[in-house]
Amino acid sequence: MRSIFIILRKEFRQIFRNKINIPIIFVMPFLQLLILVNAASFEIRHLKLHVMDFDQTPASRRLISRFSGSPYFDIVNYSHADNIANEDFIHDNAGMVLRIPQHFEKDMMTQGVGKLQVVINAIDGSAAAVSYAYAQSIIADFNKQIVVDWIGKKQFEPPVTIISTVSFWFNPDMNYYTFMVPGILVMLVTMIGMFLAAMNIVREKEIGTIEQLNVTPIRKHQFIIGKLLPFWIIGLFELAFGLFLGKLIFDIPIVGSIWLIFFFASIYLLLILGIGLLFSTLASTQQQAMFLSYFFMVIFILMSGLFTPIESMPEWAQLLTKFNPIAYFVSVMRLVMLKGAGIMDIHMQILAVFTGAIAILGLATWRYRKVAA
């Protein structure tokens, strides 16, 4: 224990002696949390809408007023010619065109069916899907209101409608911050842990102190523990402070046990720090370690389910996510914080991360022995 304590004291002094480490560890993650949560939004507001109203009736004007009153659309132009709408599309003056044909109101009154055309700029497929959903929602609300208002009029025969009710569990208001803050917090804790651990041993190589450590009577496991523990403590501190900020600023709910989150995080950080240390033993310079970490970090983040659902990925990609530690932690954070999941609900994630941590730490220890020899 005394040997481990000596290494810990050396590591903490080494971390805090470097003035660049302080903002990297304690300032940048929380600035990123505040910026990314507000910037990386899937919501689309103020979409530029071009309106072509060939009907010019009370019904068509009511529908247009629905779009103009929505925060998701800004009507930027009115016209009665396709070439004008096309020009707006080409020059990015409009992202959507709403085309209301002649006899729109009359067809609804006499046939119970009114036809519309919505044209969407789909260069960005995700944005186009979201825009379409917004438009569909407005048109559906308009349709319901028309049926209510026109019931009883002789010339109007309302169509048969199916009434359904929808309720959203665990995030009833569909609050964007509620599901993004935990995921982004996981990403930041992972980045800091992996990058710092990856540059640790290789830095000792560059400044020449690794040779001095190798000739000391410190055992391999003591060396690895001494290297891991400072960043493990820093990672848990950052998680705690990030959750505090998330609750204070974004009012994120924590339905489940906060201790269960930290229990999982304590195992998860062993895996992440082990990956960083493994990279550190493989690399000869800090640049190589940084590039290795960056390469895997990008893959881990994009395939974590944070920005796109894992279920929508192809089968081979879903198989790869079984080896993605961030995917497990994002899943656990959302399950515990939003659903109130208990330890039995996440035991498979715990088992997977624990197994990965044992394997990676064993591999990192083996690689360090090879370098020392």
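**Questions on a predicted model**

Colleague: Is R2 buried or exposed?

Modeller: This is a predicted model, in which local features need pLDDT of at least 70, side-chain atom pairs count only at pLDDT 80 or more, and totals for chains, interfaces and linings use all residues. Residues are numbered from 1 along each chain as its sequence is written, and side-chain values use heavy atoms, with hydrogens and water left out. R2 lies in helix α1 (residues 2–17); helices (H or I, at least four residues) and strands (E, at least two) are DSSP runs, numbered from the N terminus. Buried means under 20% relative accessible area, exposed over 50% and partly exposed in between (1.4 Å probe, protein chains only), so at 68% relative accessibility R2 counts as exposed.

Colleague: Which side chain meets R99 in a salt bridge?

Modeller: A salt bridge is a side-chain nitrogen of Lys or Arg within 4 Å of a carboxyl oxygen of Asp or Glu, and by this rule the count comes to one. The pair links distant parts of the chain, 17 residues apart, with R99 in strand β3 (residues 96–100) and its partner in helix α5 (residues 82–90). R99 is partly exposed, at a relative accessible area of 25%. At 3.5 Å, N to O, the side chain that meets R99 is that of D82.

Colleague: Which residue of β4 is the bridge partner of R99?

Modeller: Two strands pair if DSSP finds at least two bridges between them. Strand β1 (residues 47–53) pairs with β3 in the parallel sense over five bridges, whereas four bridges join β3 to strand β4 (residues 117–120) in an antiparallel run. In β3, four of the five residues are buried. The bridge partner of R99 in β4 is Q117.

Colleague: What is the phi of D251?

Modeller: Most residues other than glycine have a negative phi. D251 is found in the loop between α11 (220–250) and α12 (258–282), and is exposed, with a relative accessible area of 56%. Although D251 is not a glycine, its phi is positive, at about 55 degrees.

Colleague: Where does H103, with its relative accessible area of 44%, fall: buried, partly exposed or exposed?

Modeller: H103 lies in the loop between β3 and α6 (104–111). H103 is not a glycine, yet has a positive phi of about 65 degrees. At 44%, H103 is partly exposed.

Colleague: What area does the nonpolar surface patch made by F237, F241, F244, L248 and I249 have?

Modeller: One of its members, F244, lies in helix α11 and counts as partly exposed at 48% relative accessibility. Accessible areas come from the Shrake-Rupley method with a 1.4 Å probe, and for residues only the protein chains shown count as cover. The patch made by F237, F241, F244, L248 and I249 has an area of about 500 Å².

Technical notes:
Patches are made of residues with over 30% relative accessible area and no salt bridge: like charges are joined within 9 Å, nonpolar side chains (Val, Leu, Ile, Met, Phe, Trp, Tyr) within 5 Å.
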